[in-house]
Amino acid sequence: MNQLKTLVLLLLISTSLMAQDNTNTNKFRQLGQELPTPNVYRAASGAPGHEYWQQQADYVMDIELDDENQRIYGEETITYHNNSPDDLKYLWLQLDQNMRAKDSDSHKIRATSIDEDASMRDIKRLFFDFDGGFKIDYVKTTGGADLSYTINKTMMRIDLPTTLKSGGKYSFKIKWWYNVNDRMKIGGRSGYEYFSENDNYLYTIAQFFPRMCVYDEVNGWQNKQFLGRGEFALAFGDYKVNITVPSDHVVASTGVLQNPWSVLTAEQRKRLEQSKTADEPLMVITEDEARENEKTKEKGQKTWTFHAKNVRDFGWASSRKFIWDAQGVKQGDRTIMAMSYYPKEGNPLWEKYSTKAVVHTLNVYSRHTFDYPYPVAISVSAKRIGMEYPMICFNFGRPESDGTYSARTKYGMIGVIIHEVGHNYFPMIVNTDERQWTWMDEGMNSFLQYITEQEWERDYPSRRGPPENIVYYMKGDKSRISPIMTNSESIFQFGNNAYGKPATALNILRETVMGRELFDHAFKEYSQRWMFKHPSPADFFRTMEDASGTDLDWFWRGWFYTTDHVDIAIENVKWMQLGSQNPDETREISKLEKEAGPTSITKLRNAKSVKQTVTERDSSTIDFYNNFTPYDVNALDRKEYEQFYNSLAADERELLDAGYHFYEVTFKNVGGLVMPLILEFEYMDGTEEVIRIPAEIWRMLPHESVTKVFPTKKEVRSITLDPFLELADTDKSNNYWPPRPQPSRFELFKQQRSRENPMQRDRRAKEVEKAGKGAGGN
């Protein structure tokens, strides 16, 4: 019996190993099992299917900001439209503020450590004493009856009194409040920043209301808990929001202001109207006016009313410190208002750059996707954060108190404004599931940010997009790297994985794999197919192939589903020429090669140690071969060559006479990621030639080496692989023939970083120079 069990076990193991051996591991196999099966909702082309549907959630809200206690009070009526083919017994809502509740999982799962050198700040972080989270006063029907609901951390289920039928809609009411967090102390995507001068606050408010979860045919209810990293999945809808704030506050918001006559002065309304046709940003509230406004606090309140159509979310900002500038942007027959709100602490940077960066972003992004469909695009100054919401975003970037700033601050501010304004396109309009796939909005947006930055200024110091910038990450410890296709909450090195790598991948697709024309058409097609809809990764992958006629499964698999890196090496080069067989040429070449060759050590030493050889002493030992040289050409040799040459066809003679050089180059795939081969040949005459070979050259031997022969009429001086740094190759030392030593860099001395920015140092240098001239004059 035991022998039988052993035999069965061995048979099972053998069968398992055979199955493993037969697994198709070719890097060019099609993405079959990895992608969901196309259906009537999502077509195989990547387009929405003929029965595609999505839900809608409309909101009417009354919001009050308590500036004395830093609280938000709210009441909302939500109307949920069930456009699905399903009947729904309950609804799920997101309670994002609950991630700041004292019993939040976000605190429990955060890994912490402490050592003997820990500071008081490090220790204080271990204690979380902020009373965060939504305080729900009630959930009721529009008629006032209580609704049954269950709160599960950052999610709330409302049990409907009757089933919501397909095609129906249901309205209900929620009342709540919560304490606004101090972003400078405990962080957060929204909250307040406190200014001790004149005791003022700048509020950037988001995730401030219970919001509907997405229900679709991909996940059902997307009610994955909000832990703080994976952002949001939201339904489109129309918003009517009344925001009550202190009467001296200025409010920036998603949507269009409905009551400017009751919250703005006549002069402010006039300036705002003039800004619609201005060629440069025009001040609606000047810095001098803002400085006066923040010195005192009025007791009364004002209500600002905003309406927004077909948006997936809502955000706003409020402060008595705001400077406000605006400029109209023409797109087609529409005028979009690009606007910035910032405190005096933001100048001179914000007045100089913010709204211009908004305008530039709208123009470049629209060219690559679709005309911006919303009426406004707003940038709000918020220290240390960059966050996006429909029509409004919160952006970092502040100069020093003396008005100077570093290049890093300047370009960081312009970059974050481009990035956050760009989020209007992804995911606010092309509405992806951020809770599941961060890269679908952050990666695509970072890619377009790179394009936009490079059109702002030549050699703009972009962080993400250039292939060489992702090399260090991709060649790193694989145990600390995740595939791009990883859930947002489980990603190692979040910024590199969700922003940098996908942005680089798309840039390589555009510049190297597909070319700009094919890529730009396909990317615009994806954007326009899925604007105001909910695409999935498969919809993007399929659309890019469908609209370009390019099989990219190998690229998606390598860049998005694995942690392989690019390291292609020039393993070997053989240089050959086609022998003409003309004895007068070939034997002379052989003779010269022989003479130019090295002399053996024995021959060198025998020239001195051997006084006389046998043949030198005895002439009778000399025969034909002692005087024969294989390099001599006789009449028979020439006649045989003439017969051979005359036997060749005309095209064969032409090839023989051309004098081609043949370079057989062997490439090795060291890193595992298959990529095109981009080669630069430098010839002896100083000319250069770039040869591009598609990645499909690896299709039969993706794990090994591949060899290709390059015929050329010129002799080659050198060959360079990836000469323009477009492949993200992690090891450039093996990219050259002949091999080229790569210099290493090391620090001899550790320099102390100057606390001055270059503007401050330049200012001080001018003061020293001025003082020196003054002393010379005395």
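**Helix contacts and sheets in a predicted model**

The axes of helix α20 (residues 635-646) and helix α21 (residues 650-657) come within 9 Å and cross at roughly 125°. This is a predicted model, in which local features need pLDDT of at least 70, side-chain atom pairs count only at pLDDT 80 or more, and totals for chains, interfaces and linings use all residues. Residues are numbered from 1 along each chain as its sequence is written, and side-chain values use heavy atoms, with hydrogens and water left out.

Me: Why is α20 called oblique to α21?
Reply: Angles under 35 degrees count as roughly parallel, over 145 as roughly antiparallel, 65 to 115 as roughly perpendicular and the rest as oblique. The crossing angle is roughly 125°, and that makes α20 oblique to α21. The axes are lines fitted to C-alpha atoms, for helices over the stretch in contact, and angles run from 0 to 180 degrees between N-to-C directions.

Me: Which residues of α20 and α21 meet?
Reply: F644, Y645 and N646 in α20 meet R653, L656 and D657 in α21, where contact means heavy atoms within 4.5 Å. These residues divide into three nonpolar, one polar and two charged. Ala, Val, Leu, Ile, Met, Phe, Trp, Tyr, Cys and Pro count as nonpolar, Asp, Glu, Lys and Arg as charged, and the others, Gly among them, as polar.

Me: What makes β5 and β10 edge strands?
Reply: The open sheet of four strands has the order β5-β6-β3-β10, with antiparallel pairing. Two strands pair if DSSP finds at least two bridges between them. β5 (148-152) and β10 (211-212) each have a single partner strand, so one side of each is left without a neighbour in the sheet.

Me: How do you know that β3 and β6 pair?
Reply: Strands β3 (residues 88-94) and β6 (residues 155-164) are joined in the antiparallel sense over six bridges, and the criterion is at least two. The bridge partner of L91 is I158 in β6. Strands here are DSSP runs (E, at least two residues), as are helices (H or I, at least four), numbered from the N terminus.

Me: Why are the buried residues of α6 placed on the same side of the helix?
Reply: In α6 (residues 266-275), Q268, R271, L272 and S275 are buried, a term for under 20% relative accessible area, with exposed over 50% and partly exposed in between (1.4 Å probe, protein chains only). They cover an arc of only 100° around the axis, which puts them on the same side of α6. The arc is that of the directions from the helix axis to the C-beta atoms.
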